[in-house]
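Open the model in a viewer and keep the selection tool at hand. The stops below say what to select next and what is there.

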Amino acid sequence: MFSVCFSQQLFGQNTADSLRLLIKNNGEQRKGELNLELANHFLSENPDSTIYYANVAQTIGKKTSDHVSVIRSYSMIGEAYQRQNKIK
């Protein structure tokens, strides 16, 4: 049981690390999309991180006029608050 839990945590960390590396090496619009993927990655385990990365994606989306990313970021933030029982 321990090895299964540990391997899932390791896989999850590898996914987050891979996304962070991709964020460093891509253009602005792709960075917004990758931040949304990172936000989604943390949604079930760490909604605070979801809110952070969704806000970053929202800022990038507004700067690049990527309306879909802005809308998705609002949705992701709302879902994170809902999971925390902190609906604004």
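Select Asn 35 to begin. In this predicted model, Asn 35 counts as buried because its relative accessibility is 4%, under the 20% cut-off. Asn 35 sits in helix α2, residues 28-42. Show its side chain next: it reaches the backbone oxygen of Lys 31 at 2.8 Å. Then display the contacts of Asn 35, leaving out residues up to four places away in sequence: Ile 23, Tyr 53, Val 56, Ala 57 and Ile 60.

Now go to the largest nonpolar core, which has 15 residues. Select Leu 38, Ala 39, Phe 42, Tyr 53, Ala 54 and Met 76, the members that touch the most other members. Each of α1 (2-24), α2, α3 and α4 supplies at least two residues of this core. In soluble globular proteins, nonpolar side chains tend to be buried together.

Stay with Ala 39. With residues up to four places away in sequence not counted, Ala 39 touches Thr 50, Tyr 53, Ala 54 and Met 76.

Select α3 next. This helix has 17 residues and reaches 24 Å from its first C-alpha to its last, close to the 24 Å expected at 1.5 Å a residue. Colour the buried residues of α3, among them Pro 47, Ser 49, Thr 50, Ile 51, Tyr 53 and Ala 54. Ala 57, Gln 58, Ile 60 and Gly 61 in α3 are buried too.

The last stop is Ser 65, in the loop between α3 (47-63) and α4 (67-83). What is the phi of Ser 65? Phi is near 60°, a positive value in a residue other than glycine.

Technical notes: Residues are numbered from 1 along each chain as its sequence is written. This is a predicted model: local features need pLDDT of at least 70, side-chain atom pairs count only at pLDDT 80 or more; totals for chains, interfaces and linings use all residues. Side-chain values use heavy atoms; hydrogens and water are left out. Helices (H or I, at least four residues) and strands (E, at least two) are DSSP runs, numbered from the N terminus. Buried means under 20% relative accessible area, exposed over 50%, partly exposed in between (1.4 Å probe, protein chains only). A polar contact is a pair of N or O atoms within 3.5 Å; within protein, one must be able to donate a hydrogen and the other to accept it, and residues adjacent in sequence count only if both atoms are side-chain atoms. Contact means heavy atoms within 4.5 Å. A nonpolar core is a set of buried Ala, Val, Leu, Ile, Met, Phe, Trp, Tyr and Cys residues joined through side-chain atoms within 4.5 Å. The expected span of a helix is 1.5 Å times one less than its number of residues.
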